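Subject: Structure handover

Hello,

Here is the structure for you to look at. My notes come after it.

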Amino acid sequence: MKYCINNPFRLLAALVFLAFLPFLAGCSDMMGTDSDDVAFEGDHKLDNSNDSIYSVMGVVAKLQKVADPCLLMGELRGDLMTTDNAYAVTDLQDINNLSISDGNAYVDKRPFYDIINNCNYILARMDTSITDGQTKVMMPEYAQTKTLRAWVYWQLAMMYGKVNYFTRPLLSVEDVDSAFTVMDLDALSQTLIDDLTPIADARPLDYGTVDGWSSSQFFLPAHMVLGDLYLYRNDYEQAARNYYSVIYNRGLTVTSGYANYWNNTTRTDLNRGHLAAYRNEVVSRIIFDSQLKSNHSQLLKLTYSKEPSLLPTVGFMENMNSRTHFHSSGSSISRYFDGDLRGHIVYGNGTEEADAFGSASVDGASPRTLITKFYNNLSGSNTDLLVNRPLTSLALVRPSTVYLRYAEALNRLGKHTFAFAVLKYGLKRATLSDTLRVDSNEVKDLPAYMDFTDSRFDANVGTAARGQGLGIQFDRAYYVIPDDVDSTEFVEKRILDELAAENCFEGNRFFDLLCVSRHRDNHPAYMASRVSQKFTDPQVVYKRLLNQCEWFAK
């Protein structure tokens with residue numbers, strides 16, 4: 001399908017950036033973005049390992065400047081986050097209302113094209129022919145640079161519905177006029193697939209610990225980006241293959257260690273593992289310098305404040321609070337409670353605690369319901385002042401993200417019970433061999449991308465168990481696929497619920513809704529219906545959002 005392109009937008013002369021190569025002094029300042037070092041054409045060929053390492057780390061550092069815009073555009077155009085118009089600036093309100101002008105501060109194209117041009121310069125100058133034995137020593141950095149460039153292009157396309165696509169570095173004003181091709185999402189997705197496929201199996205980068213973080217998490221798996229591109233294109237088998245590659249090669253699991261569940265039937269004792277999932281259970285993240293004076297995300301200030309700009313939607317909270325929690329005392333369900341505990345928790349005595357959202361009093365203000373996901377993942381101790389506790393990372397990809405999008409693809413391939421098992425049981429040998437859990441017809445002659453018999457997956461549990469109780473696996477009445485429904489759409493709706501519970505407020509919702517809507521014959525009506533429900537005049541908003549031009553910045 002085609003998105004609206006009224007007049008192809010041009011790169012302004014101000015966007016003819018010279019390629020920055022931040023040659024940094026050491027690991028402690030690798031995340032700084034203030035380097036003034038500029039590399040001009042002909043000055044430097046990237047022909048040694050140090051150059052390639054510092055070049056790709058320079059790109060990673062620049063991702064800090066697009067982190068908040070990507071997250072806000074990903075969430076405010078969805079159905080989980082809204083604005084408090086008493087405190088939110090006009091630009092945030094406009095994103096929430098899907099009335100986004102090119103002058104909106106959160107949709108500035110310049111830092112995105114800056115990163116893209118940096119990547120173009122690196123790719124043009126990197127000598128990938130250098131070998132050590134049979135190994136092309138710079139190929140991993142080359143492949144990651146292409147992957148990061150593809151991700152940035154895709155994020156920008158998600159904002160505007162189109163991009164100016166160019167692959168050679170722009171080093172002068174004269175380079176601009178004929179440098180790029182305007183591409184919509186459909187054309188761009190195929191172009192990026194063609195670009196990433198040849199390098200997708202390059203060795204993942206890992207430079208050890210940098211500024212207290214595992215540097216392997218600074219980088220994106222090419223197969224994850226490919227999976228998303230194929231999922232957008234409704235190419236479900238290729239999407240599943242690529243997601244599985246990430247799951248298998250990285251040994252990703254979804255375990256009960258990151259679950260919230262009651263330890264007793266009086267709801268006085270809670271296992272609070274999920275609280276740490278956003279910070280610790282991560283495949284890829286954007287990280288910020290640990291120094292307080294450095295650039296950091298503004299998500300804490302926007303969400304956890306006595307004057308909050310961003311709030312959880314009422315519909316999302318009501319949905320989470322109405323879900324059934326299945327308490328287990330061993331091999332059966334012992335009690336049923338209300339509430340998915342990945343939202344907020346209510347103890348038996350009425351005391352409340354927040355996970356992704358909940359009631360909080362900030363700086364002496366009266367308690368109100370806030371987004372608490374970012375507050376719960378700050379650096380430092382709860383006894384420290386908020387101003388001394390920066391938010392030093394934003395998750396891009398987590399294991400549950402990969403599994404749930406994998407389930408989305410499998411469901412559309414007709415593997416309904418297999419996909420549902422991702423949510424209810426966890427994919428492992430014991431699940432696939434149980435015909436009460438997975439239809440035997442769906443596991444006959446399994447392709448390689450559906451093989452979960454390896455012992456590395458034995459600890460998997462259903463994603464829903466991490467908020468709806470470990471007893472969900474024993475349920476035979478409530479959390480099941482009914483006989484009298486369209487199984488594809490039923491399971492898909494449950495997957496969307498799980499994507500919300502596991503990944504809310506992380507910047508994924510616009511993409512998740514777009515993909516699911518595109519899977520259906522009535523696109524974009526499904527997406528318009530979901531998002532319009534957060535407004536006081538849903539029918540008016542719904543009719544406007546049937547025009548796909550309304551989804552993107554003008």
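Below is what was found, by topic.

**Overall**

Please keep in mind that this is a predicted model. The chain has 554 residues, and 59% of them are buried. It holds 19 helices and 18 strands. Take the contacts between residues at least 6 apart in sequence: 71% of them join residues at least 24 apart.

**A buried helix: α7**

Start with helix α7, residues 222–232. The helix is mostly covered, with 11 of its 11 residues buried. The buried residues include His223, Asp228, Tyr230 and Tyr232. Ala222, Met224, Val225, Leu226, Gly227, Leu229 and Leu231 are also among them.

What do the buried residues of α7 pack against?

- α5 (139–160) and α6 (185–196)
- α8 (236–249) and α12 (399–412)
- α17 (509–519)
- strand β18 (393–397)

Just after α7 comes Asn234, with a positive phi of about 60°.

Leu71 is in helix α2, residues 64–76. Is Leu71 buried or exposed? Its relative accessibility is 4%, so Leu71 counts as buried. The cut-off for buried is under 20%.

Set aside the neighbours within four places in sequence. Leu71 then contacts Leu299, Phe374, Leu394, Phe505, Glu506 and Gly507. Leu299 is 228 residues from Leu71 in sequence. In space, the two C-alpha atoms are 9.1 Å apart.

**Aromatic pairs**

A pair of aromatic rings is described by the distance of the centres and the angle of the planes. The count for this model is 23 aromatic pairs. Two of them are set out here.

Tyr336 and Tyr478 form an edge-to-face pair. Their centres are 5.6 Å apart, with 75° between the planes. Tyr336 lies in strand β13 (333–338), and Tyr478 lies in the loop between α15 (465–468) and α16 (487–503), so the pair ties together parts that are 142 residues apart in sequence. Tyr336 has 44% relative accessibility, so it counts as partly exposed. Tyr478 is exposed, at 56% relative accessible area.

Phe420 and Tyr479 form a stacked pair. Here the values are 5.2 Å centre to centre and 20° between the planes. This pair also links distant parts of the chain, 59 residues apart. Phe420 sits in helix α13 (416–424), and Tyr479 sits in the loop between α15 and α16. Both Phe420 and Tyr479 are buried.

**Charges over rings**

Which rings have the charged end of an arginine over them? Arg77 sits over the ring of Phe510, with its charged end 3.7 Å from the ring centre. Arg520 sits over the ring of Tyr526, with its charged end 4.1 Å from the centre.

**Helix packing: α18 and α19**

Two packed helices are described by the angle between their axes and the distance between the axes. For α18 (525–532) and α19 (538–545), the angle is about 150° and the axes are 9 Å apart. The crossing of α18 past α19 is right-handed. On the α18 side, the contact is made by Ala525, Ala528, Ser529, Val531 and Ser532. On the α19 side, it is made by Pro538, Val541, Tyr542 and Leu545. Of these contact residues, 7 are nonpolar, 2 are polar and none is charged.

**Backbone geometry**

Most residues other than glycine have a negative phi, and most peptide bonds are trans. These spots are worth a look in the viewer:

- The peptide bond from His523 to Pro524 is cis, with omega near 5°. Pro524 is in the loop between α17 and α18.
- Leu98 has a positive phi, near 50°. It is in the loop between α3 (90–96) and α4 (110–125). Its relative accessibility is 0%, so Leu98 counts as buried.
- Phe505 has a positive phi of about 65° and is not a glycine. It is in the loop between α16 and α17. Phe505 is buried, at 0% relative accessible area.

Best wishes

Key:
Residues numbered from 1 in each chain as written. Predicted model: local features only at pLDDT ≥ 70, side-chain atom pairs only at ≥ 80, totals over all residues. Heavy atoms only, no water. Axes fitted to C-alpha atoms, helices over the stretch in contact; angles between N-to-C directions. Helix = DSSP H or I, 4+ residues; strand = E, 2+ residues; numbered from the N terminus. Left-handed = near helix turned anticlockwise from the far one by under 90°. Contact = heavy atoms within 4.5 Å. Nonpolar A, V, L, I, M, F, W, Y, C, P; charged D, E, K, R; others polar. Phe/Tyr/Trp six-rings, centres within 6.5 Å; stacked < 30°, edge-to-face > 60°. Buried < 20%, exposed > 50% of the residue type's maximum accessible area, 1.4 Å probe, protein only. Lys NZ or Arg CZ within 6 Å of the ring centre and 35° of its normal.
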